[in-house]
Amino acid sequence: MTTEQSGLQASSAARPFTLPSVATIRLLSVGARDTTPCDILRSSSSASSRNHSALLDVASSSVLGPAHWSQQQRRAALHTSPPAHAAAAAAAGGGAGPAARDPATLRNFAIIAHIDHGKTTLMDRLLGACGHGSGLEERAMDSHSLEKERGITILAKVTSFTWGGYHLNAVDTPGHADFGGEVERVLGLVDGCVLLVDAAEGPLAQTKYVVGKALARGLRPIVLLNKVDRPAATPERCAAVANSLLDLFVAAGASDEQLDFPLLYASAKQGWVSRTLPPHGSAPPGDGGMLPLLETIASHVPPPATADTLSQPFAMGVTWIERDPYIGRIATGRVDSGRVRVGDKVRVLSHETGGPAGEAEYKVTRIGKRAGMAKIQLDEAVAGDIVSIAGAGSAAIADTIANPAVTTLLDPGRVDPPTLAMVFGPNDSPLAGRAGKALTGRAIGERLQAEAETSVSLRVRPAADGAGAERYEVQARGELQLGVLIESMRREGAELAVSPPQVLLRQGEGGQVMEPLEEVMVEVADEVAGSVIEALSLRKAELSDMTPMPGTGKQRLTFVAPSRGLIGFKSVFVNLTRGEGILNRVFLRYAPHKGPMEGVRKGVMVSVADGRASSYALGELQSRGTFFVTPGADVYAGMVVGEHTREEDLDVNPVKEKKASNVRTVQSDDKISLGAPRLLSLEDAIGYVAGDELIEVTPAAVRLRKEILDAGVRRSKAKRAQQGQQ
């Protein structure tokens, strides 16, 4: 045993907290090829072993694979070309090809993690290792244009590949809290998951969320510490991260089987996985690439179905809905029982009504799935496989497509409700119709309903505000999810008037008003920690934990804050930390309302005239605040053109021109010097807009405006409201 390993063992024995660390077990096993991790642990601390015997099995999780495949066969299959791989699998008696015929060869798993911990990169490496790497671009699964621009995964996606006689269905999931509904719905498709954790950062807010959801589904995670090639991923840090993960599993109520998780180390960027932590984060000797992870998936993830399940009538739960202009509605989900062929008769059982939906029977016209990055067509799908079916009429998410003899609905699982809402309506400003094509409330409503059909966490209903125009309330998980929807509609040519985001309140016991709370985790430099704490305190946040990060000059602060207080906080946080802070947030629970917030935003400067903003007028007004427009920009009465230096709103004339005169003076001919304007992006506007304002969204611009454009009417309404309060 090396000096470093002895030090780790001694420090572990000296700690009062005696739960054995899986990472420490793995580290102790480095270089001890003939000694099992369990033997080392028992010899080092017999008392700890007796107290926690259930946790000892974590280190001895078997990754030997199926009996009919040897280690040499798997390595040969992994490093051969796709045709040779298929031939090797067929010779060994495993299921080969894109269509699974035997449910015993199926393995369904999801990759879950916090945002930016490497899920999509790991999926790229798995695809490349299984023969789908030819011409594969970076982060290939992020196929949506907004995903590529923002560098995040927005939509969960499923693909499949074959390896070692197994047919693997892999699901790539989003890591951002606003898209947690995507994670919840796909966990019902799989029988296991790979929990990816940054070896330097450790488990963060979204890690806790996805772990809780996976454990509640009964899944047995495979823990993969990623980015161990980074200098910060020292053996001590990896051991600490593994300890914190073990604590997280215990706190989430994990069973003994779920605590018995394999622990692997990886650098997805470099394309390798190891069962032990290699020295200095370098590739392990005899680098097998993704082989250790593939072997662990094959042995640890159970098959989804049995022979008895295969003999039952066909039934499939719908998880995704897509539209094809040629073949119509496509429903994607996991076949729960039986088998289905092209041409079979099926019927749809509605989750909302609990009975048949649409026609009595439908005919399956097409069965398909994704293999690698290509879409393929199948003649048949069996129990446990994840496939897409066309021809099932108006099937919706959570519905059941089944044999006509089936009358029982499949349980779609519970999805957390939305916490935020915005009202969408047609743009009625003086500049409406100049850039867009989808201008009517009906067109906007149809687009929103189509989006709601494909999103499990998005809800759309007519707005009950008494307005004459067609307006729709859209409920979602957060600002980012709503922002992505608005940006998508904007790029499609829609013009919208969008209300400020409002949290969805509930009535608790005794009629008490309840509001959603979120756990906020930030990493900031020591010198700005006080400013961040003060800013969040103004938003009713409570500091629950403060942890120094040795050697980095940073602190990790954890808060519990109301969701309404976090609206628009991102831009404030960026300014306070000069763009060097990290902010993570996730929904926590509903709690009693914390009361009104004051001093969160200053007043605004509102235009009282139509025309183009002039340099002369902006130069005269720039001492009053910061502008959102540039000289020459189109403005109109009621449009917000800047932020006032005080808390009250200020009516201004930004189109005023300098009076022409034949008298020339030195003062009148001074050069006008304007400061840089603050140009609001869509995300900035969503976080900045106040209760009496709207966001005007067009394909060409994003503007802020008052809901009531006429200044006199606004003042009269404010006066009546003030008199009503008295």
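Which residues does V228 touch, not counting residues up to four places away in sequence? Select V228 together with A199, A233, C238, Y265, A266, W272, L277 and G281, and you have the residues in question, a contact being defined as heavy atoms within 4.5 Å. The model is a predicted one, in which local features need pLDDT of at least 70 and side-chain atom pairs count only at pLDDT 80 or more, while totals for chains, interfaces and linings use all residues. Residues are numbered from 1 along each chain as its sequence is written, and side-chain values use heavy atoms, with hydrogens and water left out.

Stay with V228, which is placed in the loop between β5 (220-226) and α12; helices (H or I, at least four residues) and strands (E, at least two) are DSSP runs, numbered from the N terminus. V228 has 1% relative accessibility and therefore counts as buried, the classes being buried under 20% relative accessible area, exposed over 50% and partly exposed in between, with a 1.4 Å probe and protein chains only.

Next, select F249 and F261. A search of the whole structure finds 4 aromatic pairs, where rings of Phe, Tyr and Trp (its six-membered ring) pair if their centres lie within 6.5 Å, and planes under 30 degrees apart count as stacked, over 60 as edge-to-face and the rest as tilted. The ring centres of F249 and F261 are 5.0 Å apart with the planes at 45 degrees, so this pair is tilted. F249 belongs to helix α12 (residues 235-251), whereas F261 is in the loop between α13 (256-259) and β6 (263-267), 12 residues apart, and both are buried.

Move on to helix α16 (residues 441-454), whose 14 residues reach 21 Å from first C-alpha to last, close to the 20 Å expected when the span is taken as 1.5 Å times one less than the number of residues. Colour G441, I444, G445, R447, L448 and A452, which are buried. They lie on the same side of α16, because they cover an arc of only 165 degrees around the axis, judged by the directions from the helix axis to the C-beta atoms. The buried residues of α16 pack against β18 (420-426), β19 (459-462), β20 (472-476), α17 (479-491) and β21 (496-498).

Finally, zoom out to the protein chain, where 52% of the 726 residues count as buried.
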